[in-house]
Amino acid sequence: MRRETKIGLYIFLAPVLMWLLLLIVVPHIDLFIMSLRGEDDLGEAIWTLDNYHSFFSERIYWLTFARTATYALLVTLLTFLITFPVAFYITKVVHRRYSAFLTILLLMPFWVSELVRVYGWMILLRESGVINHLLLGMGLLEQPVELLYNDVSMVMGLVYTSMLFMAVPLISSLEGMDDNLIEAAHDLGASKLTIFLRIVIPYAAPGITSGAIVVFMLTLGNYLTPNLMGGKNSLWFTEQIYNQFIASFNWNQGAAFGFLLLLLSSLIIWAGLRLSRQDLGRALT
Amino acid sequence: MDVVLEIRELVRRFDTMVAVDNVSLEVQEGSFFSILGPSGCGKTTLLRMIAGFQEPTSGVIRIRGKDMRGIPPNRRPVNLVFQNLALFPMMDVAGNIAFGLKRKRLAAAEIGRRVESILERVGLADYGAKQVGQLSGGQKQRVAIARALVLEPSILLLDEPLGALDLKLREQMKIELKKLQSEVGTTFIYITHDQSEALVMSDRVAVMNAGRLEQVGPPRALYDSPASCFVAGFVGESNQFPAQIEEQEEKQIRVRTDTGLQLQATPMQPMERPECRLFIRPESIILQPEESLSGINRFTLQVKTILFDGSNTKVLATVGESEREIMVSLPQNRQFAHIGPGDRITAGVYIDACRCYPVHA
């Protein structure tokens with residue numbers, strides 16, 4: 001009997017294990033080996049840590065990473081600040097009958113691909129775009145202004161792209177919250193702010209944590225939005241990796257950058273979990 | 001005794017529906033007061049207005065003489081124990097109880113002392129560090145009550161807090177709550193649809209129906225002399241018959257029930273029309289009454305079934321030609337232990353135990 005259940009377990013686990021092995025583990029081992037390879041002065045292939053060393057010795061590389069990580073944190077924070085009131089409104093303020101409808105309305109833009117949505121923003125924001133056209137027409141502007149290709153527009157685009165991944169866990173964790181908890185806290189003498197800080201936020205904490213992790217990781221690894229909306233001055237770390245692989249044909253360097261991105265972002269999330277005293281296991285269930 | 005809560009001509013409307021309709025009542029300091037009514041009678045709305053979650057459409061609520069209009073729930077000297085308890089799942093037991101004290105900005109040492117003393121009072125000493133999820137239903141109950149009581153409110157409101165417990169635990173909690181109330185001396189206002197909870201625990205009970213108060217009084221008064229047709233039917237068990245008045249004297253009427261039974265009965269309210277409703281409690285029907293008794297209606301019962309339930313055993317029987325069954329309590333002295341289905345037995349009921357109320361169309 002025991003043996004049979006074990007075989008059953010393996011059968012069901014096999015596709016997942018295969019998927020992990022073939023698409024995640026094997027390529028990463030290959031990338032890892034690649035990141036440790038280099039050439040000596042004679043052009044011979046050798047084992048070396050040079051690729052990792054150059055990340056720290058060349059200011060441009062680690063500055064790009066620091067910039068990317070800072071902006072990713074900022075995007076995560078902004079996404080949370082914008083999405084939380086929306087999620088709270090949908091789950092607690094509006095009548096239950098409308099909350100499903102509003103949720104769908106919120107998710108609808110995400111049925112369209114990210115590329116199309118980014119182009120939507122570009123149509124609105126570019127020099128000859130809709131907003132400039134309107135402002136000129138109303139006489140508020142004399143010359144069209146370039147609203148695209150700066151950090152502000154890039155962060156806005158990233159926040160917009162990330163909202164879905166914050167909204168879903170927030171809505172689902174707030175939905176499970178008993179309204180009576182809010183009333184009970186109010187009855188026990190808490191002001192609205194205290195209720196929010198001591199009851200609502202702690203209750204939604206697992207949802208906030210999982211939303212924040214997903215948004216942070218996706219933003220850090222995003223290529224499309226920074227590339228299209230950020231312009232030349234808004235260098236994103238993924239663009240560095242892309243440059244190494246495609247522009248410089250330096251696959252070893254690119255592989256090392258990829259590994260560093262994985263390591264450093266995991267480190268940031270670990271630190272974040274420790275600081276907020278959240279548990280990864282609880283956040284993901 | 002002082003009046004802790006005074007309600008005057010309170011009305012609450014929702015759109016076209018009137019949830020609370022012109023309610024006035026007074027609650028004495030330190031008493032256990034119940035509001036009893038079927039679901040949807042407006043008792044929860046009344047409670048929420050006292051707690052401050054809803055504002056009355058009109059009327060006045062005064063607590064210790066102070067008008068409560070416009071005062072939010074967090075500034076009212078009342079605390080509410082919710083129907084589903086609403087314990088905070090992200091805090092341990094001590095955290096739940098300390099929540100209200102922290103809002104009062106008491107010193108940490110003082111908070112710790114009060115939390116411990118209230119936990120001891122409700123019999124949960126050493127439970128402070130437990131998570132809410134680790135507690136049993138009865139323990140959660142006590143934590144919820146402790147969380148409200150620790151703030152020393154003028155009035156503790158309880159919204160059917162025993163509803164979610166199983167029967168045995170409910171019986172036990174009834175007694176515990178009553179005991180706790182007399183120990184702490186806080187005024188309890190207890191909302192329930194369960195008449196036995198209200199009767200067992202309360203000093204006074206207000207019976208509510210369709211937004212109005214039908215009767216306010218001590219449990220025995222409600223049971224012995226119900227003021228209205230609704231109270232007679234809702235409080236305690238009764239055999240009910242639609243009936244017609246055949247003859248009317250000053251303090252006594254002669255009625256014929258729809259089953260054809262003719263009885264002398266007592267009118268509880270002025271009878272303006274011949275239609276009325278007759279109530280007879282199961283325990284007021286006497287089996288084999290002695291010949292010498294006077295002021296009694298006599299009839300013969302045809303026993304159908306015995307519903308054995310220990311001290312609450314009942315006989316289902318029919319009278320005359322009708323198939324309608326009436327319930328009769330069986331005395332506990334085993335005098336009638338031999339009765340079985342199919343037996344015929346004489347029975348009687350005192351005229352003043354046959355209560356008649358006018359029927360409102």
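Reader: Which residues line the second largest cavity?

Author: They are B:F241, B:T259, B:L261, B:V319, B:S322, B:R324 and B:I326. Keep in mind that this model is predicted.

Reader: How is such empty space found?

Author: A probe the size of a water molecule is rolled over the atoms, and this shows where space is left empty. Here, the second largest cavity holds about 30 Å³ of space. Its lining divides into 4 nonpolar, 2 polar and 1 charged residues.

Reader: How many cavities of 30 Å³ or more are there?

Author: The count is 2. The largest cavity has about 50 Å³ of space. Among the residues that line the largest cavity are B:M49, B:Q54, B:E55, B:D67 and B:R76.

Reader: Which strand gives the most to the lining of the largest cavity?

Author: Strand β4 of chain B, residues 58-63, does, with 3 residues. By class, the lining of the largest cavity has 5 nonpolar, 2 polar and 4 charged residues.

Reader: How much space lies in the largest pocket?

Author: About 420 Å³. The largest pocket is lined by 18 residues, and the closest to its centre are A:T76, A:A212, A:I213, A:G272 and A:S276.

Reader: Which helices of chain A each supply at least two residues of that lining?

Author: α3 (59-93), α9 (192-220) and α12 (251-275) do. α9(A) gives the most, with 6 residues. The lining of the largest pocket has 13 nonpolar residues, 5 polar and no charged.

Reader: Let us turn to rings. How many aromatic pairs does the structure hold?

Author: Over all chains, 21. One of them joins B:F230 and B:F234.

Reader: Is the pair of B:F230 and B:F234 stacked or edge-to-face?

Author: Read the angle between the planes. Under 30 degrees counts as stacked. For B:F230 and B:F234 the angle is 15°, so the pair is stacked. The rings lie 5.2 Å apart, centre to centre.

Reader: Where do B:F230 and B:F234 sit in chain B?

Author: Both are in helix α8, residues 229-234. They are separated by about one helical turn, because they are 4 residues apart in that helix. B:F230 is partly exposed, with a relative accessible area of 22%.

Reader: Which residues of chain A form one aromatic cluster?

Author: A:F55, A:F56, A:Y61, A:F65, A:F237 and A:F257 form it.

Reader: What sits over the ring of B:F99?

Author: The charged end of B:R103 does, 4.6 Å from the ring centre. Look also at B:F88: the charged end of B:R147 sits over its ring, 4.6 Å from the centre.

Methods
Residues numbered from 1 in each chain as written. Chains lettered and ligands numbered in written order. Predicted model: local features only at pLDDT ≥ 70, side-chain atom pairs only at ≥ 80, totals over all residues. Heavy atoms only, no water. Phe/Tyr/Trp six-rings, centres within 6.5 Å; stacked < 30°, edge-to-face > 60°. Buried < 20%, exposed > 50% of the residue type's maximum accessible area, 1.4 Å probe, protein only. Lys NZ or Arg CZ within 6 Å of the ring centre and 35° of its normal. 1 Å grid on protein atoms, 1.4 Å probe; cavity = no way out; pocket = protein on both sides within 12 Å on 5 of 7 lines; lining within 4 Å. Points joined across faces, edges and corners; volume = space filled by probe spheres on them. Nonpolar A, V, L, I, M, F, W, Y, C, P; charged D, E, K, R; others polar.
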